[in-house]
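Here are some notes to read alongside the model, written for someone new to protein structures. Keep the viewer open and look up each residue as it comes along.

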Amino acid sequence: MTRTDPTRATLAAQGLGRVDGSTRAISPPIHLSSTFERDPDNQYRSGRAYIRADNPSFDQPEALLTVLEGGAGSMLFSSGMAAATAVFQALSPGDHVVAPKVMYWSLRDWLLGFARNWGLDVTIADMTDTGAIGRAVRPGKTKVVWAETPANPLWGITDLAAAVEIAHQAGARLAVDSTVATPVLTQPIDFGADIVMHSATKYLNGHSDIAAGALVTRTDDEFWQRLKTARKQLGGVLGSFEAWLLLRGMRTLFPRVRLACANAQRIAESLQSNPHVVQVLYPGLPGCPGHAIAAKQMKGGFGGMLSIRVKGGEAAAVGTAANVRIWKRATSLGSTESLIEHRASVEGPDTPCPPDLLRLSAGIEDADDLIDDLAAALAAQSRG
Ligand code: PLP
């Protein structure tokens, strides 16, 4: 890169600097047409025929995400789950996949239920342990190794360079759910990952006002073409207005993520000495097991997500969440407002999440407000 090349932060802020060709509009138009005219000789020279296959409103956000991740192409989906499940639906019955013990619960649930019934052979492994990944793969049989880093809701870290090597040696692709890291902090393709997945509902959009998902590929190969066919045929496409809102959110991705990281770091440090907290789980704390790898593969911060284990067990955790005034009791993450959630209630009986755990998504509010609100909620709970 020469010094005159704009950085990724600049490209994001300007939506790649594109201006509408016909109107010179800085903010792009929203294309709502579901169909596109054929040429008189029966060709589609515009390259577009029907909205389920091609939507002009996807062009700019997909191109921006490709640049931010350093990939060869991106595809938007109607949700993160639609994007993630497309990767597995592009495999064949009997194919073997490795998935993390700790990961976004709904995808793990889908893999162990629907995907297994559909004929995928699923092995669950501890993705924070390189040796365990090595033991889980079956050379020649494993087609996808799935990683999520930092991983919901305990925020363990997968060593991406090591996971790539193991997956590739076995003849598998490494796919990474990078929703929490965002391209601001980690570019998995830099480490050799083949597919990057985002729940764009979270940081990429950043305002809790759409559901969206995305895949990014390292190479435009046969598997990527199968994924394109899967999106077109399964129909999990994003709406035009949602694509526009996504691009608007991505313009502020860098400052939002940087502020959320700074807030999360301060909140984690302040809670470490709180007498009502048993443990703080945040990769930005030197005492957390994944810290050294996170420091190597995350640039500029450790993410906006952390969890705490509350003294007094499940009732104390739920009681603490009941006492907050500024934090919002809600699921999801990666938005401007800070969210608090008793995670075990969401994940059900098979969860690896301890019952005393509260998941915190640090937003971009004033850090002192967030710290004081949590400290007051913990103290009020302990007084009963
Ligand atoms: N991956 C992670 C890490 C998530 O947190 C979520 C949603 O919470 C998903 C995937 C699924 O995304 P969506 O809700 O957009 O389908």
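**Notes on the model**

1. Let's start with S307, which is buried, at a relative accessible area of 0%. (Buried means under 20% relative accessible area, exposed means over 50%, and partly exposed is in between, using a 1.4 Å probe and protein chains only.) S307 sits in strand β9, residues 305-310. Its side chain makes a polar contact with the side chain of W155, at 2.9 Å. (A polar contact is a pair of N or O atoms within 3.5 Å; within protein, one must be able to donate a hydrogen and the other to accept it, and residues adjacent in sequence count only if both atoms are side-chain atoms.)

2. Before going further, some ground rules. This is a predicted model, in which local features need pLDDT of at least 70 and side-chain atom pairs count only at pLDDT 80 or more, while totals for chains, interfaces and linings use all residues. Residues are numbered from 1 along each chain as its sequence is written, and side-chain values use heavy atoms, with hydrogens and water left out. Helices (H or I, at least four residues) and strands (E, at least two) are DSSP runs, numbered from the N terminus.

3. Now the ligand. Which residues come nearest to the ligand? Of the 14 around it, they are G80, M81, D177, S199 and T201. (Being near takes a heavy atom within 4 Å.) The side chain of D177 has an N or O atom 2.6 Å from a nitrogen atom of the ligand. With S199, a side-chain N or O atom is 2.8 Å from a ligand oxygen, and T201 has a polar side-chain atom 2.6 Å from an oxygen atom of the ligand. On its own the ligand exposes 390 Å², and the protein buries 89% of that. (These areas come from the Shrake-Rupley method with a 1.4 Å probe; for residues, only the protein chains shown count as cover.)

4. Who supplies the shell around the ligand? Helix α3 (80-89) and strand β6 (195-199) each give at least two residues. By class, the shell has five nonpolar, six polar and three charged residues. (Ala, Val, Leu, Ile, Met, Phe, Trp, Tyr, Cys and Pro count as nonpolar, Asp, Glu, Lys and Arg as charged, and the others, Gly among them, as polar.)

5. Stay with α3 for a moment. It is mostly covered, with eight of its 10 residues buried; among them are G80, A82 and F88. S79 caps the N-terminal end of the helix, with a side-chain oxygen 3.4 Å from the backbone nitrogen of M81.

6. E148 deserves a look. It lies in strand β4, residues 142-148, and is buried yet has no salt bridge. (A salt bridge is a side-chain nitrogen of Lys or Arg within 4 Å of a carboxyl oxygen of Asp or Glu; Lys and Arg count as positive and Asp and Glu as negative, with His and the chain ends not counted.) The nearest side chain of opposite charge, R359, is 7.3 Å away.

7. Most residues other than glycine have a negative phi, and most peptide bonds are trans. Here, a cis bond joins T149 and P150, with omega about -10°, and another joins N152 and P153, also about -10°. P150 is in the loop between β4 and α6 (160-169), and P153 is in that loop too. S208 has a positive phi of about 50° although it is not a glycine.

8. Last, the salt bridges: the count comes to 15. In one of them, D121 pairs with R138, the closest N and O atoms being 2.6 Å apart. That pair links distant parts of the chain, D121 being in strand β3 (121-125) and R138 in the loop between α5 (130-136) and β4, 17 residues apart. K296 and D159 meet at 4.0 Å, N to O, linking helix α11 (291-297) to the loop between β4 and α6, 137 residues apart. K296 is exposed at 60%, whereas D159 is buried at 17%. E341, R343, E347 and R359 are linked in a network of salt bridges.
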